[in-house]
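Hi there,

Here is the structure I promised to send over. Have a look at it first, and then read on for my notes.

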Amino acid sequence: PSGQVPSVVAPSSAESNTALNIFSEDIPYGEESRKYRRTVYDFDAWKKHRSQDRFWRNMSTIASSGIYRGLLNEVGAVSAVAALAIVWNGLANGFTDFDGVTHEAIINGLPKLTLPMSVFTVTSPSLGLLLVFRTNASYERWDGARKMWGLMINRSRDVVRMGAQWYAPGTEKSGFLEEGAPLAEIDEEVKAEKLNRLSKSVWSFSRALARHLTPPDEDEEQFQKDVRERLEPTQAEALIASDHRPNRAMYDIGCAINDLPMHFMRRNQMDLDVAHFEDISGGCERIFGTPIPLVYSRHTVRALTTFLLFLPFGMWGQFGDSWNHIGLIPSASLIAMFMFGIEELASGLEEPFSILPLIGISNKIGANCDELASFKSSLPEPPVALETTMATTSSMSEGVPKMAAPEPVVVEVEPEVEAEPEVEAVVTEVAEPKTRKFRIPFTKSRN
């Protein structure tokens with residue numbers, strides 16, 4: 001039927017981690033097209049993006065562009081106004097038929113519908129500022145959302161890397177290994193199980209946040225399927241049943257970290273990275289729940305629409321050399337298409353999560369974390385435990401045993417001998433200096 005969105009199979013969550021063919025002509029328009037714009041570039045996509053034939057390729061796809069196809073009503077309205085100006089002024093001032101014969105006005109006394117171009121010349125800078133601010137504010141929201149998810153990738157990798165490197169049984173009770181104590185034997189099976197739980201929990205946060213920012217009818221079924229496949233049954237069902245799933249995922253990450261045997265100071269460092277997840281979640285919710293002030297958006301749309309609807313009346317006199325000013329219609333339509341397109345782009349970028357590849361980023365986080373959890377050290381293990389250097393004042397307050405202070409060191413210091421005074425004919429006998437002993441506490445040198 002006319003106006004119906006073409007049916008196109010949406011990419012699955014597994015395919016969303018790869019580069020999509022953004023130059024396909026089968027992409028639908030309108031709200032349904034947003035799910036097909038979650039592009040992830042690879043080398044081939046970048047080559048095509050900057051190829052020398054991009055100008056002609058992009059010009060040839062104007063008719064199939066999702067942006068312009070979504071503006072048919074707006075551009076059609078401007079074209080209709082341009083046609084009205086031609087017909088009205090033809091009736092009021094005469095017209096030229098197909099044989100080139102000029103006819104007088106059909107309706108005498110009918111006023112001519114024209115406006116001076118100075119009206120549009122004066123107002124166009126203000127309209128340009130409105131559109132620039134609207135576009136920049138929308139792009140900043142898109143850029144901020146992408147940076148938050150980029151930070152999530154970094155922090156997710158960091159948490160799993162620290163968990164894999166700092167896994168050290170024998171340090172969880174006292175905080176450190178006693179000097180000379182043998183290293184605790186690591187059960188590789190238990191280690192792999194605990195690190196796998198940490199990796200899957202970290203992935204579950206990004207996946208839960210992606211679902212949190214995606215419409216339920218689009219991702220809920222796939223989300224439950226992914227979670228049940230990757231997580232333990234109890235953890236998966238608890239996550240699905242939670243009202244705020246990202247918070248539940250962060251709780252599971254904390255439980256997985258607490259289950260790792262390591263020095264508590266290192267566990268605190270990992271928790272600092274997990275705290276960034278809360279900032280990311282809150283930042284995404286802020287962008288999603290708070291649009292650009294509606295008064296500004298509405299005023300921009302009203303100003304732009306009014307400007308373009310009245311523009312044909314100002315341009316009518318400029319096309320006197322064309323047959324019955326017929327060139328006004330395509331000219332006004334092209335101007336409307338590009339200017340309405342600017343506002344359409346700003347509106348599309350204002351809510352960035354429906355055009356960002358959130359599920360693809362989440363899958364990337366899961367693959368990277370699983371790989372980090374499986375890494376093995378290529379360095380030989382030390383034969384004995386290293387002496388701890390992490391017993392600080394804060395650790396003493398936590399009940400960690402204090403290290404024995406070293407005995408004071410006795411250092412013999414000889415005083416300086418004054419130089420013999422130069423006196424003629426007098427020889428002063430200098431007494432042999434006495435040795436004095438000082439007790440100096442064992443401290444670090446200030447030099």
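Which residues of H7 are buried? They are Asp-219, Glu-220, Phe-223, Asp-226 and Val-227. Before going further, please keep in mind that this is a predicted model.

Helix H7 covers residues 216-230, which gives it 15 residues. From its first C-alpha to its last it reaches 20 Å, close to the 21 Å expected at 1.5 Å a residue.

If you take the contacts between residues at least 6 apart in sequence, 76% of them join residues at least 24 apart.

The axes of H9 (residues 245-258) and H10 (residues 264-289) come within 11 Å and cross at roughly 175°. An angle over 145 degrees counts as roughly antiparallel, so that is how H9 lies to H10. On the H9 side, the contact is made by Pro-246, Asn-247, Met-250, Ile-253, Ile-257 and Asn-258. H10 brings Arg-267, Met-270, Val-274, Phe-277, Glu-278 and Ser-281. Sorted by type, the residues of this contact are seven nonpolar, three polar and two charged.

Next, the aromatic rings. Searching the whole structure turns up nine aromatic pairs, and I picked out two of them for you.

One is Phe-120 with Phe-307, an edge-to-face pair with 5.4 Å centre to centre and 85° between the planes. This pair links distant parts of the chain, with Phe-120 in helix H5 (residues 117-165) and Phe-307 in helix H11 (residues 294-315), 187 residues apart.

In general, an α-helix has 3.6 residues a turn, so residues three or four places apart point the same way. Tyr-139 is partly exposed, with a relative accessible area of 43%. Trp-142 counts as partly exposed as well, at 24% relative accessibility.

Finally, please look at the loop between H11 and helix H12 (328-350), where you will find Asn-324. His-325 has its place in that loop as well. What is phi of Asn-324? It is near 55°, a positive value in a residue other than glycine. Phi of His-325 is also positive, near 60°, and this residue is again not a glycine. Residues under 20% relative accessible area count as buried, so Asn-324 falls in that group at 19%. His-325 is buried with a relative accessible area of 14%.

Best wishes

How values were computed
Residues numbered from 1 in each chain as written. Predicted model: local features only at pLDDT ≥ 70, side-chain atom pairs only at ≥ 80, totals over all residues. Heavy atoms only, no water. Axes fitted to C-alpha atoms, helices over the stretch in contact; angles between N-to-C directions. Helix = DSSP H or I, 4+ residues; strand = E, 2+ residues; numbered from the N terminus. Parallel < 35°, antiparallel > 145°, perpendicular 65-115°, else oblique. Contact = heavy atoms within 4.5 Å. Nonpolar A, V, L, I, M, F, W, Y, C, P; charged D, E, K, R; others polar. Expected span 1.5 Å × (residues − 1). Buried < 20%, exposed > 50% of the residue type's maximum accessible area, 1.4 Å probe, protein only. Phe/Tyr/Trp six-rings, centres within 6.5 Å; stacked < 30°, edge-to-face > 60°.
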